[in-house]
Amino acid sequence: MAKKQKNTRPKARLPRGFVDRSADDIRATDKMIAAIRQVFELYGFDPLETPAFEYTDALGKYLPDADRPNAGVFSLTDDDDQWMSLRYDLTAPLARHVAQNINDIQLPHRTYRAGYVFRNEKPGPGRFRQFMQFDADTIGAPNVSADAEMCMMMADTMEQLGIERGDYIVRVNNRKVLEGVLEAAGLAGDDHAGTRLSVLRSIDKLDKFGIDGVRQLLGAGRKDESGDVTEGAGLDKGQIDQVIAYVETGDVDGNEGVAELATIEQLVRAAGYGADRIKIDPSVVRGLEYYTGPVYECELLFDVTNEKGETVQFGSVAGGGRYDGLVKRFTGQQVPATGFSIGVSRLMTALKNLGRLDASHVKPPVLVCVMDRDIQSVTRYQAMVQELRAAGIRSELFQGNPKDFGKQLKYADRRGCAVAVIEGADEHAAGEIQIKDLIEGAKMAAQIESREEWTEARAAQVSVPRDHLVTTVRDVLSRHEG
RNA sequence: GCCGCCUUAGCUCAGUUGGUUAGAGCGCCGGAUUGUGGAUCCGGAGGUCCCCUGUUCAAACCAGGGAGGCGGUACCA
């Protein structure tokens, strides 16, 4: 029978691409969010929260030919048979919110929001199916000064997060410029729509594969490490040279986008942001779906290593752009908007691996041990914990099985507690308590070889009057500060 | 999706020209030690050898299929 039961036990496992988050990660995330929020608030943005689910058509992910949401999103049908999906970014839900409340919203509308988004796709190193984004957007802002502001705010945010100047770069481009290049290469018109997509994707791969890689992708194709072939855009040599020349110089004649970029550059330079922080970069492409003008992204310039010590390609940690058509989908009126999104989870990985995120500020608690198990004694131990807490000292009563005292100290040791408080019958009779410095004790343990000696030593332990509890604990804690 | 590699104890892994009861280290639990963490010593628990089918007297090992994991690539709002 027992065997049979075993077969029906569920396997404890996570859905692929999802992770549990540890105490350290949560605290680090909270800290990052607080830093980002501080910058956004300072710039005059207000918070907004939208739900994790939206009706699928509001996200704009319906296949034209099937009554079924597109791949890439997690979807289900509500009890009225309507398709709902988990949001895959924070921009589409914002557009829905603005369209829905357009009469009550004072434009320009400046908002920010943090939240988890979900993507139903193959996870990769550092890429998950649930991750956090932190967005800022200005809705109803037709001029590129709003885009320039976004770039500057991105830079400020990086510095607020502790990333030093020179360790990040905000790169800016313009969709209109890219379209101009494609036109100049003879790729205008509906016939070449597919090719245009391929070309843009190829340009986007510059930082990953370099100029030669981009050339291959623009032409016949490229082979990856496993030997798999990526089909190329199939341009001829003249067209490839034309595109590569643009990527290298950023030149396109008489293009509206070029003028916009010049304005952005002028604005940010006037505000004191040099090319070491914000620069025009012709290889920036961003998402292909809805951007209509300036696009920008922020990249980290230092090496990030993974657990195995290998340097990893990190890519951009934030990105955004102008999306003038997104609200129009709902209302029919043009509502120009621009905004960007920070990949909080990714950025945290980078900062953590770099040791730039002092993840654990939180000190382990002081442990009050349970020596005598009668109710009178336990109430005394409880009172000690209350006293410590009232003094603002993080502390806990041992809540495991108290019959083995050694286990309690072992628990304190594993938890990293600095102090254990011990009061047995002897101490109680004398009106004393034992305060044990576990960190000092661990150092002493290294000097001791025999078990007996170690047990006898009662390492780094002092006996003090009961009413010295708080002051003595505080002394020991401060000894280990910093 | 496509390409490659991988899957044996909680973890990291060994294992075999196909041959009895499948191993190690670490971890875990118990004891030496029922009032003191570490080190040491002794003992113990823990396995559908990823799943299915086939070949064979015999499969953890061979063959076919499948699943899962990792990595690359594609897609990425």
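Where is the place of P108? P108 sits in the loop between α4 (91–100) and β5 (109–118), where helices (H or I, at least four residues) and strands (E, at least two) are DSSP runs numbered from the N terminus.

## Model and conventions

This is a predicted model, in which local features need pLDDT of at least 70 and side-chain atom pairs count only at pLDDT 80 or more, while totals for chains, interfaces and linings use all residues. Residues are numbered from 1 along each chain as its sequence is written, chains are lettered from A and ligands numbered from 1 in the order in which they are written, and side-chain values use heavy atoms, with hydrogens and water left out.

## Domains

Chain A is assigned domain 1 (23–52 + 87–353) and domain 2 (366–479). These bounds come from an automatic or database domain assignment. The centres of domain 1 and domain 2, taken over C-alpha atoms, are 54 Å apart.

Of the atoms of RNA strand B that come within 4 Å of the protein, 47% belong to sugar and phosphate. A residue is near the strand if one of its heavy atoms lies within 4 Å of it. By class, this surface has 26 charged, 16 nonpolar and ten polar residues. Here Ala, Val, Leu, Ile, Met, Phe, Trp, Tyr, Cys and Pro count as nonpolar, Asp, Glu, Lys and Arg as charged, and the others, Gly among them, as polar.

Several elements each supply at least two residues of the surface: α8 (206–218), α14 (405–415), α15 (425–430), β19 (432–437), α16 (438–445) and α17 (451–457). The largest share, seven residues, comes from α14.

## Polar contacts with the RNA

A polar contact is a pair of N or O atoms within 3.5 Å; within protein, one must be able to donate a hydrogen and the other to accept it, and residues adjacent in sequence count only if both atoms are side-chain atoms. For D224, a polar side-chain atom lies 2.6 Å from a sugar or linking oxygen of RNA strand B. For D228, a polar side-chain atom lies 2.8 Å from a base oxygen of RNA strand B. D426 instead uses a backbone N or O atom, which lies 3.2 Å from a base oxygen of RNA strand B.

Strand β11 (residues 294–300) is mostly covered, with seven of its seven residues buried. Buried means under 20% relative accessible area, exposed over 50%, and partly exposed in between (1.4 Å probe, protein chains only). In a regular strand the side chains alternate between the two faces of the sheet. In β11, P294, Y296, C298 and L300 are buried on one side, and V295, E297 and E299 on the other. Strand β7 (residues 168–174) runs antiparallel to β11 and is joined to it by seven bridges; two strands pair if DSSP finds at least two bridges between them. I169 has E299 of β11 as its bridge partner. β11 is also joined by five bridges to strand β14 (residues 316–322), again antiparallel, and there E299 stands opposite S316.

Strand β15 (residues 337–343) has seven of its seven residues buried, so β15 is largely enclosed by the rest of the structure. A337, G339, S341 and G343 are buried on one side of β15, and T338, F340 and I342 on the other. β14 is joined to β15 by five antiparallel bridges, and G321 stands opposite G339. Strand β6 (residues 130–139) pairs with β15 in the antiparallel sense over seven bridges, with I342 as the bridge partner of F134.

## A buried arginine

R277 lies in the loop between α10 (256–270) and β10 (278–280). With a relative accessible area of 7%, R277 is buried. Leaving out residues up to four places away in sequence, R277 touches D156, E159, R165, Y168, I169, V170 and G272. Contact means heavy atoms within 4.5 Å.

## Backbone exceptions

Most residues other than glycine have a negative phi, and most peptide bonds are trans. The peptide bond from L107 to P108 is cis, with omega near -5 degrees.

R458 is not a glycine but has a positive phi of about 45 degrees. R458 lies in the loop between α17 and β20 (461–465) and counts as exposed, at 51% relative accessibility. A460 lies in the loop between α17 and β20, and A460, not a glycine either, has a positive phi of about 50 degrees.
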